[in-house]
Amino acid sequence: MRNASEDTITDAVLARLADAPSPRVRAVSEALVRHLHAFLREVRPTQAEWAEGIAFLTRTGQTCTDTRQEFILLSDTLGASMLVDAINHPLPGGATETTVLGPFYVEGPPEHALGDDISGGRPGEPLIVEGTVRRPDGTPAVGAWVDTWHSDAEGFYDVQLGDEVPELNLRARFRTDEQGRFWFRSIVPAFYPIPHDGPVGAMLEAQGRHPYRPAHVHFMIGAAGCETLVTHVFLAGDPYLESDVVFGVKDGLVRALERQERGTTPGGHPADIPCALLRYDFALAPERETTR
Ligand SMILES: [Fe+2]
């Protein structure tokens with residue numbers, strides 16, 4: 001193929017994909033080419049603008065480290081993460097709603113016993129988090145793994161603070177008890193800006209957007225025979241619930257902090273000091289067949 005023009009280049013590239021061994025790779029590649037070319041025909045970038053677009057993606061990749069994932073931030077802030085989530089998790093039918101993973105999950109979080117304080121001594125309002133995990137048939141999910149992570153009272157995750165915090169904290173893995181219950185102690189998280197000192201922050205500024213997420217506690221919960229649940233519980237009353245920069249808020253995931261006096265929590269756990277209480281009962285969806 002020679003003499004490519006604006007009128008012929010798209011068909012020429014599509015024809016070149018015809019022999020892809022995988023039908024899925026071929027379909028994805030064809031859609032990418034069609035939509036990319038349509039984007040360029042609509043935007044009609046100058047050469048300088050196209051070079052800046054490539055430079056932006058280059059900076060995005062170069063900003064990524066073991067503890068900072070700029071491409072997830074880009075996906076999140078463009079709504080792509082929530083769109084993929086919506087495509088893969090249609091109406092839950094009784095199961096807890098899902099939301100974005102976000103960039104601050106750390107594989108293999110520290111294992112803790114139920115009731116442990118995961119704050120690592122960080123300052124903040126004391127908090128007890130308690131709840132249950134149920135299987136799709138409504139029975140308790142016994143021995144389910146419950147990963148949780150959240151920001152500190154200033155809105156920072158441990159991995160953002162480097163040497164200021166010696167070990168991972170405000171994150172943990174628990175196992176539910178014989179009644180499907182979990183509980184732990186921590187501190188109340190704050191709303192926070194996503195990291196905005198890199199290319200995604202510059203993009204948000206250019207788009208006239210703030211970088212904030214409403215306060216929340218992350219959960220990733222798994223049990224045999226169940227779909228792994230990735231979600232957050234958001235704190236009611238937060239000023240950014242309506243304008244979460246990553247579009248992650250769902251009504252069913254918002255809970256008000258309760259006031260717990262010294263004594264026993266509604267879940268039957270000891271509260272040795274007055275504190276805030278966050279309660280949430282999770283319901284897992286059945287494991288799905290892989291369609292591809
Ligand atoms: Fe978060």
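**Aromatic contacts in the model**

Biologist: Trp149: buried or exposed?
Modeller: Trp149 is buried, at 1% relative accessibility (buried is under 20% relative accessible area, exposed over 50%, partly exposed in between; 1.4 Å probe, protein chains only). This is a predicted model, with local features needing pLDDT of at least 70, side-chain atom pairs pLDDT 80 or more, and totals for chains, interfaces and linings using all residues. Residues count from 1 along each chain as its sequence is written, and side-chain values use heavy atoms, without hydrogens or water.

Biologist: How many aromatic pairs?
Modeller: The count is 12, pairing Phe, Tyr and Trp (six-membered) rings with centres within 6.5 Å; planes under 30 degrees apart are stacked, over 60 edge-to-face, the rest tilted. One of them is Phe104 with Tyr157, stacked at 4.3 Å centre to centre and 20° between the planes.

Biologist: Where do Phe104 and Tyr157 sit?
Modeller: Phe104 is in the loop between helix H5 (80–88) and strand E1 (126–134), and Tyr157 in the loop between strand E2 (145–150) and strand E3 (171–175), 53 residues apart. Helices (H or I, at least four residues) and strands (E, at least two) are DSSP runs numbered from the N terminus. Phe104 is buried at 3%, and Tyr157 is buried at 0%.

Biologist: What does Tyr105 do with Trp149?
Modeller: Tyr105 and Trp149 make a tilted pair, 4.8 Å between centres and 55° between planes. Tyr105 is in the H5–E1 loop and Trp149 in strand E2, so the pair ties together parts 44 residues apart in sequence. Tyr105 is buried at 16%.

Biologist: Which residues form one aromatic cluster?
Modeller: Phe182, Phe219, Tyr280 and Phe282.

Biologist: Which ring does Arg173 sit over?
Modeller: The charged end of Arg173 is over the Trp145 ring, 4.9 Å from its centre (Lys NZ or Arg CZ within 6 Å of the ring centre and within 35 degrees of the ring normal).
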